[in-house]
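Open the model in your viewer and keep the selection panel at hand. The stops below are given in the order in which to select them.

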Amino acid sequence: MDEELLEQYRNQLKCSFEQLDDTFEDCMLEAFTSLSDQGIKNYLKGASLVCMIGRGFEPVLVYLEEMPQVAKLLGESCLSTVSQAVWDLSRSPNGNSIPPFLNSIAEASHRLGSEELFQKYLDLLFDLAEKTTGSIHGHHTTFPSPGLPLLLANVPYLLNQLSLEGLQNWVDYGVRNYPDHPERQENYFSLQSADSKAILQREHHGTLFIDNERKLNLYLMALWNVKFYMIPYSTGFDELRKPVPYFDKLGVRVPDVLDDIVDDTKKVVTKGIDRYRAILSHIVAHKRCSTPIIADNFSPFQRVAIETLEDSRVELLAMRIYPGLRSIYISLHPRPIEDDCDNKIESCIRHRLAMLSYAILNPDHGYSNPDILECRERFFAAMHESESSTSEMASIAISFIAKTRRQTDQLAKMYFKDTEIDYRDENRHLWIYIELSDDEEMFEDRKHQDKKEEEEEDKGLPPRHYHEWDYNTKSYRPDWVSLYETLHPPGNPADIDALLEKHALLAKRLKQLLDLLKPQQYVRIRYQEDGSELDLDTAIRSLIDFKSGHTPDPRINMSHRNDGRDIAVMLLLDLSASLNETPPGSDKTILQLSQEAVSLLSYAIEHLGDQFAIAGFSSSTRHEVRYQHIKGYSEHWGDHVKARLAAIEAGYSTRMGAALRHAAHYLGNCQADKKLLLVLTDGEPADIDVNDPKLLIEDTRKAVQELDQDGIYTFCINLDPHADEYVQNIFGKQFLVIDKVEQLPEKLPYLFISLTG
Amino acid sequence: MSDQNIEQYLINEEPFYQAQDNEVALYEAAYNSRLPVMIKGPTGCGKSRFIEHMAWKLQKPLITVACNEDMTASDLVGRYLLDANGTRWLDGPLTIAARIGAICYLDEIVEARQDTTVVIHPLTDHRRNLPLDKKGELINAHPDFQLVISYNPGYQSLMKDLKQSTKQRFTALDFDYPSANTEAGIVAKEADIDIETASKLVKIAESARNLKGHGLDEGISTRLMVYAAQLMNHGVAQNDACRMALVRPITDDADILSTLNHAVDAVFD
């Protein structure tokens with residue numbers, strides 16, 4: 001480059017760092033080839049601006065190095081956009097984000113690919129910066145956003161996994177849930193917390209395994225008549241060494257997500273679900289047709305060749321059953337270009353084998369290499385009207401390797417392009433190793449494992465995780481709440497009997513009422529045009545009408561109908577701390593009154609013979625929702641149940657949504673025409689880790705809607721006299737507020753009868 | 001009953017039936033002793049076709065009644081109808097069969113209510129008669145009369161089962177879908193299609209039958225395969241014909257639809 005011109009440009013760059021001088025020429029050369037004259041002006045102007053922020057030479061250097069490429073990709077207007085963004089950042093407390101911001105630009109522009117999207121990306125970053133930059137009033141100090149630099153460090157990975165829209169959702173979630181908790185925010189944006197990963201997975205583009213697990217199970221059952229236990233592994237976190245599918249005794253490992261394969265015109269060639277099916281069909285074919293052979297007898301090259309031919313063999317056998325698989329396999333198989341690998345300077349072993357595999361798979365392979373064609377011939381000769389065998393493949397493979405062996409195969413420089421066949425498993429099942437390693441660490445491993453298993457056995461029921469509705473975003477927080485179900489510890493059943501004794505009069509009245517309600521099995525329906533029997537009375541009347549010249553009533557038949565009660569009921573008791581209060585004008589706590597009411601109700605329902613269960617719940621943050629089993633559907637209203645009911649205690653908070661969902665999961669398993677979930681509570685849903693009072697109310701409302709969709713009728717009995725404000729919001733019209741709590745024991749059974757009668 | 005009326009119940013052309021086992025001989029033996037026969041099997045596996053074939057082979061009239069829940073005893077036996085002069089008796093199909101000596105075939109018997117099916121009892125044991133209590137008549141069955149019932153043990157609910165007292169009046173034949181080769185032969189013959197396509201259809205059907213109990217109540221029947229083949233005969237593309245005749249009728253479940261669609265594509269490449 002012209003010294004004079006360079007000098008001229010160097011003067012335009014108002015930045016005196018000497019460190020820039022070394023690379024300036026290279027940068028300008030690149031700028032010269034990719035930018036217009038005006039572009040170069042802007043480029044140097046932008047770099048001067050970046051220099052002025054006063055953060056050393058590094059930002060300027062990164063700017064100078066990266067921007068020509070970026071501008072070429074996104075258009076030259078981004079030159080000033082980026083420098084202005086850096087300037088803005090430097091005027092905010094978030095100056096520490098400038099280096100990672102500049103470092104992320106090259107990757108981001110490459111992934112986003114258009115100026116418009118890039119602008120949106122910048123907006124997203126500034127939005128995040130604004131919302132998470134904190135200040136403490138009175139101290140006049142501002143704190144930089146804890147999440148922004150971490151997010152920027154992860155941008156290449158995130159944009160690889162997510163669309164910009166997905167990234168926006170992922171960021172929004174973090175901002176919304178951890179605005180004032182710096183450590184959790186950091187965990188979220190550095191992808192360390194569980195919900196961060198869960199949201200990432202939800203927003204991931206492509207075909208998710210979890211969404212399609214049933215489909216794949218059905219596929220295996222329908223087409224191959226097998227059942228596998230499938231375990232997904234994450235493809236996202238290992239950039240260097242991509243995991244591949246495999247299977248062993250524990251199950252089949254498959255990727256957690258697969259993208260559709262698109263061609264240059266963005267037309268979908270192979271759908272993600274078909275890629276899963278290809279993986280599974282390949283594995284099934286191995287399971288059906290492969291026999292393990294002893295690995296110690298073969299060299300590593302021989303082994304890969306045997307694996308390749310064995311893969312081809314089992315696929316051919318699978319395609320004999322389902323010819324349509326061929327088109328899927330071909331679309332997923334890489335197409336190595338015949339003369340692309342130079343066997344003088346690099347190791348072509350992978351290239352040769354991939355070509356061989358492709359030649360076997362696709363009859364229109366178009367290769368002319370005589371060794372490959374000959375081996376292909378031998379392969380098809382072996383497969384002609386037979387299934388051949390793994391050992392026969394081994395002998396073909398060995399002779400192929402022997403024939404095509406080059407000195408350069410040993411070279412460290414391996415040809416990798418177009419040789420990775422990612423729907424095939426890694427073939428660990430194919431080998432038997434005689435010489436097992438007897439390293440000491442293996443013993444340690446085993447001991448450790450045994451210990452772990454023992455530990456796990458001691459624990460009680462594992463927690464169940466339920467999602468929670470966030471009304472702000474209109475989305476679920478995945479696996480947000482952990483619910484622990486336990487058997488309620490028993491107390492003294494005689495206490496409950498004493499309670500019933502006390503209400504003997506009420507119980508007697510109830511009993512009379514219940515006798516009336518008991519189903520009368522056979523009901524006659526009269527006045528039917530079609531029926532099982534002639535109803536003589538009406539028939540004769542009609543006949544007389546007819547004979548006397550009037551129009552007869554044609555409804556002269558009658559039929560019968562079975563009228564039985566088929567109701568399953570679940571009573572869910574709120575056992576939060578507020579139940580220990582004594583309502584004004586009463587000498588008993590709400591808990592005692594509830595106990596009496598539930599005893600009477602249970603007595604009534606047992607008498608009716610409906611399916612009935614009782615459970616209590618309380619919560620202490622989302623990590624611990626306690627669900628206490630008091631009566632199950634198969635248990636009778638006996639001493640065991642009474643003992644548990646006698647011992648109920650109140651404590652903690654009311655996180656109702658998860659409890660409702662868990663109760664519904666039991667109710668859903670019942671066989672009944674009508675399913676009724678009664679919730680007995682004394683206040684609104686609330687928990688100590690939730691500041692927004694509306695959040696849990698909205699979640700409960702959502703839970704009630706979910707239950708409704710599952711055919712479960714939810715009804716709330718609320719003991720809070722001021723409940724009208726929120727209870728209607730949650731339960732619609734399905735609630736009753738009992739103002740005078742001392743009436744509860746009397747009202748509850750009557751309510752039940754009127755609901756179900 | 002005039003001869004002309006009997007004529008309408010006779011089957012003149014041989015219905016195609018491919019025997020799977022010795023069921024033809026077994027049925028003939030049962031008929032020779034006039035034993036009532038019960039035929040069990042999944043839907044569309046050829047139960048009705050088998051009875052038609054046997055009626056043709058034995059040259060006996062066949063009266064078929066499709067049972068349903070609203071059917072009453074009088075729908076089988078007969079009832080009084082009112083007319084201008086008062087009332088008039090009309091024989092039901094069971095009564096007609098007993099009078100003319102036909103094979104009476106009650107299809108899907110469990111769909112009828114249990115109290116209805118009890119009226120067949122006197123015809124199915126040594127008495128072989130049918131009392132018409134409303135009319136005050138006792139019909140002794142014609143020597144050629146035979147009762148055949150069929151039902152599908154697969155999909156009915158617990159509530160719908162035959163009473164033991166009904167079950168134990170019948171000899172039974174158990175039908176299932178034929179083996180793959182036989183079934184392909186049946187589809188090829190019935191729909192006039194080449195055997196290779198027919199075997200592919202059978203392969204799809206088998207994949208659906210594997211899903212029985214996992215979201216499907218019934219697999220793809222032989223009958224549906226014949227429909228698919230007939231559609232192909234009219235120039236419909238193979239994949240489309242399979243989707244229309246085999247996949248869509250049997251399920252609304254999106255996952256199963258997708259799996260079976262894939263099976264169609266995998267078989268017809």
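Select residues 656-668 of chain A, helix H25, which has 13 residues. From its first C-alpha to its last, H25(A) reaches 18 Å, close to the 18 Å expected at 1.5 Å a residue; the expected span is 1.5 Å times one less than the number of residues. Helices (H or I, at least four residues) and strands (E, at least two) are DSSP runs, numbered from the N terminus.

This is a predicted model, in which local features need pLDDT of at least 70 and side-chain atom pairs count only at pLDDT 80 or more, while totals for chains, interfaces and linings use all residues. Residues are numbered from 1 along each chain as its sequence is written, and chains are lettered from A and ligands numbered from 1 in the order in which they are written.

Is H25(A) mostly covered or mostly open? It is mostly covered, with 10 of its 13 residues buried (20 or more other C-beta atoms within 10 Å of the residue's own, C-beta atoms being placed from the backbone).

Next, show both chains. In contact (C-beta atoms, placed from the backbone, within 7 Å) are 19 residues of chain A and 21 residues of chain B. On the chain A side, select helices H12 (209-224), H15 (325-332) and H22 (536-547), the elements that give two or more residues. H12(A) gives the most, with 7 residues.

Finish on chain B, which holds 13 helices and 9 strands. Of its 269 residues, 39% count as buried.

How values were computed: A residue is buried if 20 or more other C-beta atoms lie within 10 Å of its own, exposed if 12 or fewer, and partly exposed in between; C-beta atoms are placed from the backbone. Two residues are in contact if their C-beta atoms, placed from the backbone, lie within 7 Å.
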